[in-house]
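Visitor: I should like to learn how to read this model step by step. May we begin with one residue and then widen the view?

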Amino acid sequence: MLIKIEPKSDIHHGNVRLAPWLVPLIEAAQSGQSIIKALQTIVHSMDFGSFVYAVGTSKDLHRDEPFYVWTTVPAEWVAEYDKNNYIEIDPRVHYGWATWPTPLIWDRHIAGKNPQVKAFLLQAAKYGVGSGLAIYLRDGKNKIMFALNRPQRTLTARDRDRIASLTPDVMYLGSVLHAVFMANVIEKGIPQMQQGSPLSARERQCLQLAARGMVSLDIGEKLEITERTVNFHFSNIISKLGVLNRHEAIAMGVAHGLIQVDPRNTPLIPLNKSKIRDAQLKRWENLRKQRASSPPEA
């Protein structure tokens, strides 16, 4: 259990005042070491097994944006989540896209009578994501979700009271983690963990329809999903391909045979020369080749 934060026990790190239990996290980041060990120690002390940190870097829901995800859930669940487009039905994600959502304490009952959500939560529980707490932050331009997971599927009243009592500390931890991530990943231009991963079937559908000139609203109506979900898919597409926007994703998709277009009917937009884009495309191609040549894990 974490020590209660007292103002008099704060520790100075530069111009920042930190609670003592956060100091190992900051020291690891400042020394260039992985912060996973320090972060997992904090997460486990709160009786959670894993975390998910996700941040979108656009000012509104109607722009294409890079989308960063960092998590300690099993890699198999990350791959399955991506392959099956679970972002379309994940209740934590949909809840979190409200204007200013309050923290969410959830378990299997969050599914209500929705059979798709019930099936999703049942599958998630196989990977230790049975219940938990999700908080949502804004820093002016970024939308952040920080979720902590527990394996049990049903929370008792005592469990909920315990998680509620930890919520202020989790909000504090999420804010500090976001600051560390922005400074050490996004601002340094480190690629998203998804970069170089294959597009899912749904993502290829969205890209194909965009190449035909459809906007998100049209694509959503065609695929029977919301406009917001289409934008989520394009965030993932942009992150995986290492490009700057939807038009570049279309060009990349055509160049690598990910989608097929009829040049007589498809309004492909010419791209201006860009050293940044060229570097991103080269990095994506190298990652793709490395993953293609790597032997499968036993």
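Visitor: Does Trp77 count as buried or exposed?

Guide: The terms rest on relative accessible area: buried means under 20%, exposed over 50%, and partly exposed in between, with a 1.4 Å probe and protein chains only. Trp77 has 4% relative accessibility, so this residue counts as buried. Please note that this is a predicted model, in which local features need pLDDT of at least 70 and side-chain atom pairs count only at pLDDT 80 or more, while totals for chains, interfaces and linings use all residues. Residues are numbered from 1 along each chain as its sequence is written, and side-chain values use heavy atoms, with hydrogens and water left out.

Visitor: What is the mean pLDDT of the protein?

Guide: pLDDT is the predictor's confidence in each residue, from 0 to 100. The mean for the protein is 78, and 72% of its residues reach 70 or more. Over residues 187–191 the pLDDT is below 50, and this stretch has eight contacts in the model beyond near neighbours in sequence. Contact means heavy atoms within 4.5 Å. Residues 266–271 also have pLDDT under 50, with 13 contacts beyond four places in sequence. Where pLDDT is low, the predicted coordinates should not be read in detail.

Visitor: How many helices and strands does the protein have?

Guide: Helices (H or I, at least four residues) and strands (E, at least two) are DSSP runs, numbered from the N terminus. The protein has eleven helices and seven strands. Of its 298 residues, 48% count as buried. Among contacts between residues at least 6 apart in sequence, 65% join residues at least 24 apart.

Visitor: Which residues of helix H1 are buried?

Guide: An α-helix has 3.6 residues a turn, so residues three or four places apart point the same way. In helix H1 (residues 23–30), the buried residues are Val23, Leu25, Ile26, Ala28 and Ala29. For helix H2 (residues 36–45), they are Ala38, Leu39, Gln40, Ile42 and Val43.

Visitor: What is the phi of the residue that follows H2?

Guide: Most residues other than glycine have a negative phi, and most peptide bonds are trans. Asp47, which follows H2, has a positive phi near 70 degrees. After H1 comes Gly32, with a positive phi near 85 degrees. Asn85, in the loop between H3 and H4, has a positive phi near 55 degrees and is buried, with a relative accessible area of 14%. Glu224 has a positive phi near 60 degrees and lies in the loop between helix H8 (216–223) and helix H9 (227–241); this residue is exposed, at 74% relative accessible area.

Visitor: How many aromatic pairs does a search of the whole structure find?

Guide: Rings of Phe, Tyr and Trp (its six-membered ring) pair if their centres lie within 6.5 Å; planes under 30 degrees apart count as stacked, over 60 as edge-to-face and the rest as tilted. The search finds eleven such pairs. In one of them, the rings of Trp77 and Phe120 have centres 5.9 Å apart and planes at 35 degrees, so the pair is tilted. This pair links distant parts of the chain, with Trp77 in helix H3 (residues 75–83) and Phe120 in helix H5 (residues 115–125), 43 residues apart. Phe120 counts as buried, at 3% relative accessibility. Trp77 and Phe120 form one aromatic cluster with Tyr81, Tyr86 and Tyr127.

Visitor: Which residue has its charged end over the ring of Phe48?

Guide: A charge sits over a ring if NZ of Lys or CZ of Arg is within 6 Å of the ring centre and within 35 degrees of the ring normal. The residue over Phe48 is Arg150, at 5.2 Å from the ring centre. Likewise, Arg246 lies over the face of Phe234, 3.7 Å from the ring centre.

Visitor: With which side chain does that of Asn149 make a polar contact?

Guide: A polar contact is a pair of N or O atoms within 3.5 Å; within protein, one must be able to donate a hydrogen and the other to accept it, and residues adjacent in sequence count only if both atoms are side-chain atoms. The partner of Asn149 is Arg92, at 3.3 Å. Asn149 is in strand E7 (residues 143–150) and counts as buried, at 0% relative accessibility. Elsewhere, a polar contact of 2.8 Å joins the side chains of Tyr95 and Thr102. Tyr95 is in helix H4 (residues 91–96) and is partly exposed, at 30% relative accessible area.
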